[in-house]
Amino acid sequence: MRVAILPDEAAIGRIGADAVERLYARKPQAVLGLATGSSPLPIYQELIARHRAGRISFARGRAFALDEYVGLSPQHPQSYRQVIRTSIADHVDFPEGAVRGPEGWAEDLDAAAADYDRAIRDAGGVDLQILGIGADGHIAFNEPGGSLASRTHRGFLTAQTIRDNARFFDGDISQVPAQCLTQGIATIMEARSLVLVATGGNKAEAVRQMVEGAVSASWPATVLQFHPDALVLVDEEAAARLD
Ligand code: F6R
């Protein structure tokens, strides 16, 4: 695991976008893994700017989102399907249908989960997965105590994650879905490279555990210590508890 402590979100955006730009230069048909939430936004903004400047094309690319709430319609503005569209997909040149996410509205969630893992495999696997991290150490919505060998599955958000995500629902925790369909830890670990972003002091303990803690399901992101190509981009606040 390589850790870069960077001065601000703009620097995080540039380093993250550099990794994506290098990937597409080498492999125009690359498969990208997309996280939602606040953390990856500087990377997405930089990618959109570079696309507009003619530096990156996604025209032969494909992408898979990490997770989706269960209980929101795909049209809900906070469904991750919509969030991925508004934060990146609608602003670059992915072909129609090239960006997929888990279908948290499916009647048969187990079948939807299995379909999703199959679709990722059929696409040749994820080349570069962008990740955030929860204050409780989750990656995607793999919360503490879950299996470190999981595939895409239905999961439950912890009370802390529900509180943290209420900011996207006008601060109303009763509006935050308690369930999700999420890529599993094993699914994420199969991506050829990982770029994880963490910013702000409320991520400092999760970052410390991920980088320096013992690998444990209590802090799911610690499993990234086993990944052969994981890059962690943090600001000073998120790095504050590192030795
Ligand atoms: C989102 C996701 C989550 C977030 C994490 C951090 O697709 O998988 O793991 O990355 O909850 O969220 P932010 O970046 O909003 O602090």
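This is a predicted model: local features need pLDDT of at least 70, side-chain atom pairs count only at pLDDT 80 or more; totals for chains, interfaces and linings use all residues.
Biologist: Why do the residues of a strand fall on two sides?

Modeller: In a regular strand, side chains alternate between the two faces of the sheet.

Biologist: Which strand is joined to E2 by four bridges?

Modeller: That is E3, residues 62-65, and the two strands run parallel. Look at leucine 32, which stands opposite alanine 63 of E3. E2 and E3 also form a right-handed β-α-β unit with helix H2, residues 41-52.

Biologist: And which strand is joined to E2 by two bridges?

Modeller: Strand E6, residues 128-131, also parallel to E2. Here leucine 32 has leucine 128 as its bridge partner.

Biologist: Which residues are closest to the ligand?

Modeller: Thr36, Gly37, Ser38, Ser39 and Gly132 are the closest of the 14 residues around the ligand.

Biologist: How does the radius of gyration agree with that of a compact globule?

Modeller: Chain length sets the expectation: for 243 residues, a compact globule would have a radius near 18 Å, and the protein's 17 Å agrees. The C-alpha atoms fill a box of roughly 45 × 40 × 35 Å along the principal axes. Buried residues make up 46% of the 243. The protein has seven helices and 10 strands.

How values were computed:
Residues are numbered from 1 along each chain as its sequence is written. Two strands pair if DSSP finds at least two bridges between them. A crossover is right-handed if, with the strands pointing away from the viewer, the path from the first strand over the helix to the second runs clockwise. A residue is near a molecule or strand if its C-beta atom, placed from the backbone, lies within 6 Å of it. The radius of gyration is taken over C-alpha atoms; the globule rule is 2.2 Å times the number of residues to the power 0.38. A residue is buried if 20 or more other C-beta atoms lie within 10 Å of its own, exposed if 12 or fewer, and partly exposed in between; C-beta atoms are placed from the backbone.
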